[in-house]
2 protein chains.
Amino acid sequence: MKQMGWGFKNIDVICFTHYHADHISGLPGLLLTIGNSDRREPVVLMGPPGLARVYDGLKTICPELPFDVIIDEIEPWDNMEVGIFNISACRLNHKIPCYGYRIDVKRAGKFNVEKAKALNIPMKLWSILQKQESVEYEGKIYTSDMVLGDERKGLRVSYITDSRPVDGIPNFIQGSDLFICEGMYGEENKLQKAKEYKHMLYSEAGMLASRGNVKEMWLTHFSPSMPFPQEFIGNARKYFRNTHVGTDRKNVTLLFED
Amino acid sequence: MKQMGWGFKNIDVICFTHYHADHISGLPGLLLTIGNSDRREPVVLMGPPGLARVYDGLKTICPELPFDVIIDEIEPWDNMEVGIFNISACRLNHKIPCYGYRIDVKRAGKFNVEKAKALNIPMKLWSILQKQESVEYEGKIYTSDMVLGDERKGLRVSYITDSRPVDGIPNFIQGSDLFICEGMYGEENKLQKAKEYKHMLYSEAGMLASRGNVKEMWLTHFSPSMPFPQEFIGNARKYFRNTHVGTDRKNVTLLFED
């Protein structure tokens, strides 16, 4: 993040999949860096039950932060609204309780100028109603549904690691614009290892992406036994063509359709 | 360390100066990496009192290591022998209890061939005695002092961070081949800040290096407010000429004299 120049001040939420060290040991340093960025608003940490206990241990080395930390031990059926983001979790199958995440950015319907004119809605209110807010003006209440068309397709990003394939995943990630999935083992003959350590083969990730009708998949979380993750990408592409290998600082800007 | 290709299996001891997050948050990840390197021998963690409590908090995210961790809360007058290394600590002046470290590699005296011949010591024992060991052979005990001259100058590396300058430091680091010292602020006009946060100016580090008669000083632990630490190096060199700015992966091989 530092190398990308993104800054740390705007981090509102950190979602944890599970509490193995490679997924949470950076937390104290990250929180201190957020503190150094001058943030004073609270930061929410969310993840499977156990988060309070783990955070309690880690905060021995970051006891004094200049903002509040809110610990949210979520259940998969919880629904979290954070600004424009809608966050959902699903239960995965790893050695310890583990969640996958899906982030949806909803998109309001198109503003219908004819409707607004027909209802005599003052033009100065249009921009407010466009933002899906309602407004009272000269004794009348105007709501956005008066002038907005049907909700349009938004954006969906989903993130699945660490896990064996789970039946619910394709439905959970359905239609994602970007699906980030673990690909611990590229080689097909590592199935026994994948089952033992509760990880996936590239081919299994590819099958999930295909059944989930996602647009693009990035593989991540590669075994150190596999120094060139690109080598086996064919094993995923056999099932899902638009597969790419994740690398540090890989990023993409997702845009609404049309 | 990974980029340098040094491996992790041979790490016997980790010395902590103090328990601020930027000096210890990497511990769980490092211990897990050492575990993945196949190490099964114990690893010693040493540092000021409080280490057991801090380790207890951090191990919530690395509860199962394939080796024992030995926690050694040391006092500055303790003397630690670890293989060929002799480790000493000294009390520094920071916001929380903090130690500096000195590592000495002792060097035995030269092997005296004339003496060995005069004492009729069998040649097959020479290499053992040279290693400062004693040996029993055909009913006689031979000790290394029979054949070794006076101890020769060894190697000394010292490491001081985080701290204000402290009177005892020059004596503690005396004659170091390499002295690594914090240089939080390069600018002379940051003295008030340095006093407030209990850090040093480059010039203060330079004075310590000079009074300590060290061979070479590397500055480290630069304030993020100083994007180009090299810019102010003149302020340290005014007091100690052989000053260099530390950078990631900077390293040197120290050799015994002659």
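Q: In this predicted model, through which surface do the copies meet, and why can one say so?
A: One looks at whether the residues that form the interface in one copy also form the interface in the other. In this predicted model, 100% of the interface residues of chain A are also interface residues in chain B, so the copies meet through the same surface.

Q: How many residues does each chain bring to the contact?
A: Chain A gives 14 residues and chain B gives 14 residues. On the side of chain A that touches chain B, the elements giving two or more residues are helix H1 (27-36) and helix H2 (51-58) of chain A, and H2(A) gives the most, with 4 residues. Sorted by class, that side of chain A holds 9 nonpolar, 4 polar and 1 charged residues.

Q: How should I read the relation between chain A and chain B, and what rotation superposes them?
A: Two copies of a chain are related by a rotation about an axis together with a shift along it. Here, chain A is superposed on chain B by a rotation of 180 degrees with 0.0 Å of shift along its axis, and the RMSD is 0.1 Å. That is the relation of a two-fold axis. In chain A, the C-alpha nearest the axis belongs to A:Gly57, which is 1.9 Å from the axis.

Q: What do the overall figures say about chain A, such as how many helices and strands there are?
A: Chain A has 8 helices and 12 strands, and its C-alpha atoms fill a box of roughly 70 × 50 × 35 Å along the principal axes. Of the 258 residues in chain A, buried residues make up 31%. A further figure concerns contacts in chain A with a separation of 6 or more, of which 67% are accounted for by residues 24 or more positions apart.

Q: How do I follow strand pairing in chain B, and which strands pair with E10(B)?
A: One takes a strand and asks which strands are joined to it by bridges, and in what sense they run. Strand E9 (residues 152-160) of chain B pairs with E10(B) in the parallel sense over 4 bridges, and B:Ile160 has B:Cys181 in E10(B) as its bridge partner. E10(B) is also joined by 4 bridges to strand E11 (residues 217-220) of chain B, again running parallel, with B:Trp218 in E11(B) as the bridge partner of B:Ile180.

Q: Is strand E10 of chain B mostly covered or mostly uncovered?
A: Strand E10 (residues 178-182) of chain B is mostly covered, since 4 of its 5 residues are buried.

Q: Which residues other than glycine have a positive phi in chain A, and where do they lie?
A: Among them is A:Glu138, with phi near 45 degrees, placed in the loop between strand E7 (135-137) and strand E8 (140-142) of chain A. Another is A:Arg249, which has a positive phi of about 70 degrees although it is not a glycine, and the place of A:Arg249 is in the segment after strand E12 (243-245) of chain A.

Q: Is A:Glu133 buried or exposed, and what is in contact with A:Glu133?
A: With 12 C-beta neighbours inside 10 Å, A:Glu133 counts as exposed, and A:Glu133 lies in the loop between helix H4 (126-130) and E7 of chain A. Leaving aside the neighbours within four places in sequence, A:Glu133 is in contact with A:Ile128 and A:Ser144. The C-alpha atoms of A:Glu133 and A:Leu255, which are 122 residues apart along the chain, are separated by 23 Å.

Notes:
Residues numbered from 1 in each chain as written. Chains lettered and ligands numbered in written order. Predicted model: local features only at pLDDT ≥ 70, side-chain atom pairs only at ≥ 80, totals over all residues. Contact = placed C-beta atoms within 7 Å. Nonpolar A, V, L, I, M, F, W, Y, C, P; charged D, E, K, R; others polar. Buried ≥ 20, exposed ≤ 12 C-beta atoms within 10 Å, placed from the backbone. Pairing = 2+ DSSP bridges. Least-squares fit on C-alpha atoms with pLDDT ≥ 70 in both.
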